[in-house]
Amino acid sequence: MGLQWVRLDTQFAHNPKIVELVAAGKWKAAFVYVAGLTFAGAQGTDGYIPEQCLFLIHATKREANDLVSVGLWVLSPGGWDINGWDEFQVSDEAAKKRRERAQKGGLAKAAKAREAGLRSV
């Protein structure tokens, strides 16, 4: 079972990474970061965002790349990891296992798409 809530620093709006996004007019990426936190918490993915779930957090690859460029997300097989999740959020073994399964599923989907000559969704 996922978390009912996630921790968000009261200084979030002043975080230099968020300030960088906002200064560049990338407001949506800042929102996607928060939506990603809530998704990962609710789904118990231990901070992992599968690529196929971007639409669930109102994101595209553009916002994902923006979050990677400022260091809020880290590219991971089949998706992204929220940087610092283990440091700031509650985590358990069950969540880590769900994350591993989600990553394997994302990799399998990408491999199948490559075999079919299609781009990964």
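Tutor: The following dialogue sets values against definitions.
This is a predicted model, in which local features need pLDDT of at least 70 and side-chain atom pairs count only at pLDDT 80 or more, while totals for chains, interfaces and linings use all residues. Residues are numbered from 1 along each chain as its sequence is written, and side-chain values use heavy atoms, with hydrogens and water left out.

Student: Which helices and strands does the protein have, and what makes a stretch count as one?

Tutor: The protein has 5 helices and 3 strands. Helices (H or I, at least four residues) and strands (E, at least two) are DSSP runs, numbered from the N terminus. Along the sequence the pattern reads α-α-β-α-β-β-α-α.

Student: Why is isoleucine 82 called buried?

Tutor: Buried means under 20% relative accessible area, exposed over 50%, and partly exposed in between, with a 1.4 Å probe and protein chains only. Isoleucine 82 has a relative accessible area of 4%, and is therefore buried. This residue is placed in strand S3. Leaving aside neighbours within four places in sequence, isoleucine 82 is in contact (heavy atoms within 4.5 Å) with Tyr33, Gly36, Leu37, Ala40, Gly47, Ile49, Leu72 and Trp73. Over the protein, buried residues make up 38% of the 121 residues.

Student: How do you know that the buried residues of H3 line one face of the helix?

Tutor: In H3 (residues 61-70), Glu63, Ala64, Asp66, Leu67 and Val70 are buried. Seen down the axis of H3, these residues fall within an arc of 160° (taken from the directions from the helix axis to the C-beta atoms), so they line one face. On the other side of H3, Arg62 and Ser69 are exposed. The buried residues of H3 pack against helix H1 (16-23), helix H2 (27-43), strand S2 (73-76) and strand S3 (79-82).

Student: Why is H2 described as roughly perpendicular to H3?

Tutor: The two helices pack at an angle of about 85°, with their axes 9 Å apart. Axes are lines fitted to C-alpha atoms, for helices over the stretch in contact, and angles run from 0 to 180 degrees between N-to-C directions. Angles under 35 degrees count as roughly parallel, over 145 as roughly antiparallel, 65 to 115 as roughly perpendicular and the rest as oblique. H2 is therefore roughly perpendicular to H3.

Student: Which residues of H2 and H3 meet?

Tutor: Lys28, Ala29, Val32 and Tyr33 in H2 meet Glu63, Asp66 and Leu67 in H3. By class, this contact has 4 nonpolar, no polar and 3 charged residues. Ala, Val, Leu, Ile, Met, Phe, Trp, Tyr, Cys and Pro count as nonpolar, Asp, Glu, Lys and Arg as charged, and the others, Gly among them, as polar.

Student: What makes S2 and S3 a pair of strands, and how many bridges join them?

Tutor: Two strands pair if DSSP finds at least two bridges between them. S2 and S3 run antiparallel and are joined by 4 bridges. Within this pair, serine 76 stands opposite glycine 79 in S3. S1 and S3, also antiparallel, are joined by 3 bridges.

Student: Why are S1 and S2 called edge strands?

Tutor: The open sheet of 3 strands has the order S1-S3-S2, with antiparallel pairing. Strand S1 (48-50) and S2 each pair on one side only, and these are the edge strands.
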